[in-house]
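Dear colleague,

I am handing over the structure below for your attention.

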Amino acid sequence: MAREYRMKSARSKPGSSQGISGIDYEAELNAQQYAVVRSKPGPALVIAGAGSGKTRTLTHRVAWLLDQGEDPGKILLLTFTNKAAREMIERVEQLIPSDVSALWSGTFHSIGNRILRRHAEDLGYTRSFSILDRDDQKAMMKQVIKELPLDTGGAASKRFPKVDVLISIFSLSENTCESIDDVVEYQFPQVARWIEEIKSVHRSYQARKKQNNSMDFDDLLVQTLKLLQQHDDLRSLYQRKFRHVLVDEYQDTNRVQCDLIDLLVGDRQCLMVVGDDAQSIYSWRGADMDNILSFHKKYPDAEVFKIETNYRSVPEVLELSNAAIRPNRVQYEKELRAVRDGGAMVPALVPLDDPSFQAEFVAERIEELIGEGLEPSDIAVLYRAHYQSMEIQMELTRRKVPFQITSGLRFFEQAHIKDVSALIRLVVNPRDEVSFKRVALMLPGVGDKTADNLWRAWSACELGQGISVPESFSPIMLTFRVPAKAKDSWQQLCYTLDELVVDGGFARPSDMLFSILEGVYDDYMRASFDNYEHRKQDIEQLMEYGEGFDDVLEFLAQLSLMSSVDGDPQKNQRKEDDESVMLSSIHQAKGLEWKVVFLVWLADGMFPNGRVLETGDEQMFEEERRLFYVAVTRAKDQLYLTYPMTNPKSYTGEYMMRPSRFLDAIPDEMTEEWKVSSW
DNA sequence: GAATGTACAGTTTTT
DNA sequence: CTGTACATTC
């Protein structure tokens, strides 16, 4: 007698199509995708056209590796946004039964953060370093400028670049590894006369960050790179750890990110990068398309794959997309093929009299489509710049068409959220000057001056050094001199801080938030904001979110790193979002798709942008065209290209608008012109 | 701190 | 032209 018993968990033989997961890769993927997924280890470049199943391919590749018996802990998956990271890991989990929690996946910044927390001491930081967001950066920069012996008061100081400009300069310099001199000379010539002062601000800013045990977003990349460059042992540790590195949206990586990848990959070269050069639209923040274009120079043995079958759009839309990008000189040649059937609506080209008429047309057509049974969430209106959505917002509001818009303050960046997290940050990292001052300024009668004095007192005493977690704060802090007006709330504050530490450690995040709300912040909110109720709900929301964390460091890092739309804990609960028309900038529409897309303001000077046309910079112009390409490739079924023929409100005095020159590249027969009249 | 005046921009924005 | 951001002033 014999019995055949087959272990479900048995390791698959290498090379076989099926592994433990039982996924039939060959059946689930098309030939091009399958070739990528089962490719041998080694450098690989995947050129993935719009709508070609890029995420699908990448997630299957990860599943494949795991199926081959690879240890999840040896895989690093880098994405551009948190949302993409989350989506990716969820889909891998759905594909494969194995536990993937050991797999490292996330944005470059979050991975940098993760590495830096472990080795912060090697760089002269502590592991509880603070992360500065844009707001914090601004605050610190202002402080730094105030303290520098720059020419103040006179007419000369009037035109000293604003902090926003300085932050942009520094950030671009960090991300592209170019000197401040070069960045200013080529990208910000209007402030070139201040070059020495700018460099001096930069030096002080860098020093101050270190002194305050704080890193900005750029540091999360740059310092990680530095750490691994300088410490051979750590470098080889991580090189050995990550046997497979996969990178999504490679066309949008900048120099630092690219260097970081190369360094992590080391000689083993088990690197798979996926991207679409035609969708590179972030050069203005340091992305270098050359990374993807000359990948083969750095990795001569790289296998190059193209996945060009488009599952998203009807052929009518896809042909137009192909035509739209064709005139660009700098690109990998590819031709997307549609699998969907033809016979759909030919993309509409709609000239309108003026912007408000354009808005009326868009709104009316949207109403019609919804009347025909389309869900509002199947429809999007895309534009080059947010201000171009104004008329449409008004028109949709007037007609009571539900819409949502991808702009405005993000949840974690709102003042009240930042206020409460400043208190936590201060306890965790007592050298965090920005947070200290934010907290101090909440006290009545305390302005810049008093805040500064308090900071001095604080940083002079043991509490402010942050050597160890103190048992309590009040005994020392109550001895500080505060204005009479602030006396009571200062006391409250001190006792509240006491509650944030327990037994020589930090309280749990949600408990901290509770103490802060009860101790000081509720009163403050009542006094300072007219929409108290609303803000209180936000804090409660935050407390709920905090329940998911035991480690306060992790909680804080998450707050900073997810300070974006996708981290909004409210988001998932707002059901209306699923039932509304999307208004979005093209940048934010990347990676998304809708049945119906309206692309508005397609007039020369609006899109392509007038400034880009003025400079005559070919590279920038081609990026505009890629943006156009990204926009049109979002549409699944219907595409409307609209433009106003006049712009009465133009401040440049240009009254007549000409159709966007991008439309010149589209053969007439690919669109149908709609002649819209109001009567 | 509120009120008033002045200069200047007027793309995109994640982490 | 107009809203914003900053500085100055009381």
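**Backbone features in loops**

Cys177 is found in the loop between α7 (163-176) and α8 (180-187); helices (H or I, at least four residues) and strands (E, at least two) are DSSP runs, numbered from the N terminus. This is a predicted model, in which local features need pLDDT of at least 70 and side-chain atom pairs count only at pLDDT 80 or more, while totals for chains, interfaces and linings use all residues. Residues are numbered from 1 along each chain as its sequence is written, chains are lettered from A and ligands numbered from 1 in the order in which they are written, and side-chain values use heavy atoms, with hydrogens and water left out.

Although Cys177 is not a glycine, its phi is positive, at about 60°. Most residues other than glycine have a negative phi, and most peptide bonds are trans. With a relative accessible area of 40%, Cys177 is partly exposed (buried means under 20% relative accessible area, exposed over 50%, partly exposed in between, with a 1.4 Å probe and protein chains only).

Lys400, likewise not a glycine, has a positive phi of about 60°. Lys400 lies in the loop between α17 (390-398) and β13 (403-405), and counts as exposed at 73% relative accessibility.

A cis peptide bond, with omega about 5°, joins Phe607 and Pro608. The loop that holds Pro608 runs between β17 (594-599) and α28 (610-615).

**Nonpolar cores**

A nonpolar core is a set of buried Ala, Val, Leu, Ile, Met, Phe, Trp, Tyr and Cys residues joined through side-chain atoms within 4.5 Å. The largest one has 62 residues, and those with the most contacts inside it include Ile366, Phe598 and Phe628. Helix α16 (residues 355-371) gives the most to this core, with seven residues. At least three residues come from each of domain 1 (31-116 + 230-307) and domain 3 (315-408 + 576-673); the domain bounds come from an automatic or database domain assignment. Apart from this core lies another, of 54 residues, with Phe436 and Trp458 among them.

**A helix pair**

The axes of helix α15 (residues 315-325) and helix α29 (residues 618-632) come within 9 Å and cross at roughly 175°. Axes are lines fitted to C-alpha atoms, for helices over the stretch in contact, and angles run from 0 to 180 degrees between N-to-C directions. The crossing makes α15 roughly antiparallel to α29 (angles over 145 degrees count as roughly antiparallel). Residues in contact (heavy atoms within 4.5 Å) include Leu320 of α15 and Phe628 of α29.

With kind regards

Notes: Angles under 35 degrees count as roughly parallel, over 145 as roughly antiparallel, 65 to 115 as roughly perpendicular and the rest as oblique.
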